[in-house]
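Please look through the sequence and structure before reading on.

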Amino acid sequence: LGAAVSAVAALLGHAGGLERFAAAPGLVARLALALDAGDERVCTSALELLAVLAVTSEAGHGAVVAAMAYVRRATRERVPYEGVVGALRAPTSGAFKRDVLLFVNTLVNAAPDVERRVAVRGDLERAGLAAALSELGAAGLRRALADDATDADDDDAAD
């Protein structure tokens, strides 16, 4: 699954790749299924690619929302985004929780009109986002940011 996500990243890096990918809803849905992989690195890569696709165009945003509906059916989620919101409650790293929140914010903020923004926010609320954020709390968000700073320090040391 990690190799498939890497292949998608390579495709999106080519001229016109985003538009072609957004026009292939089945491929976007398969990428979204990587969110259920259980591997933080694979999930993070999928979240990042989906966020880029969502923010790039109206068609891209629509493809991501449709892909998340497919994930709901394929994983038998009770409500849309249940798995994404569940990742905030799971015993995952602070950096991964930050990446989940970045995806959620991007998906809401990239909505091409107010109606779709309200629809995505409503789905996230029904999935328990407010409760998950409350459980995560300020201490959890500080840890996520501290993990991010540690990751950046590690990246600097590797250079």
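Which side chain does a polar contact join to that of Asp 123? The partner is Arg 126, at 2.6 Å; a polar contact is a pair of N or O atoms within 3.5 Å, where within protein one must be able to donate a hydrogen and the other to accept it, and residues adjacent in sequence count only if both atoms are side-chain atoms.

This is a predicted model, in which local features need pLDDT of at least 70 and side-chain atom pairs pLDDT 80 or more, while totals for chains, interfaces and linings use all residues. Residues are numbered from 1 along each chain as its sequence is written, and side-chain values use heavy atoms, with hydrogens and water left out.

Asp 123 sits in helix 8 (helices are DSSP runs of H or I, at least four residues, numbered from the N terminus). Its relative accessible area is 18%, and buried means under 20% (1.4 Å probe, protein chains only), so Asp 123 counts as buried.

Glu 77, in the loop between helix 5 and helix 6, is also buried but has no salt bridge (a side-chain nitrogen of Lys or Arg within 4 Å of a carboxyl oxygen of Asp or Glu).

| Atoms or groups | Distance |
|---|---|
| Asp 123 side chain, Arg 126 side chain | 2.6 Å |
| Glu 77 side-chain polar atom, Tyr 81 backbone nitrogen | 3.4 Å |
| Glu 77, Arg 72 (nearest side chain of opposite charge) | 5.8 Å |

Leaving aside neighbours within four places in sequence, Asp 123 touches Pro 80 and Tyr 81, with contact meaning heavy atoms within 4.5 Å.

Note on methods. Helix = DSSP H or I, 4+ residues; strand = E, 2+ residues; numbered from the N terminus. Buried < 20%, exposed > 50% of the residue type's maximum accessible area, 1.4 Å probe, protein only. Lys, Arg positive; Asp, Glu negative; His and termini not counted.
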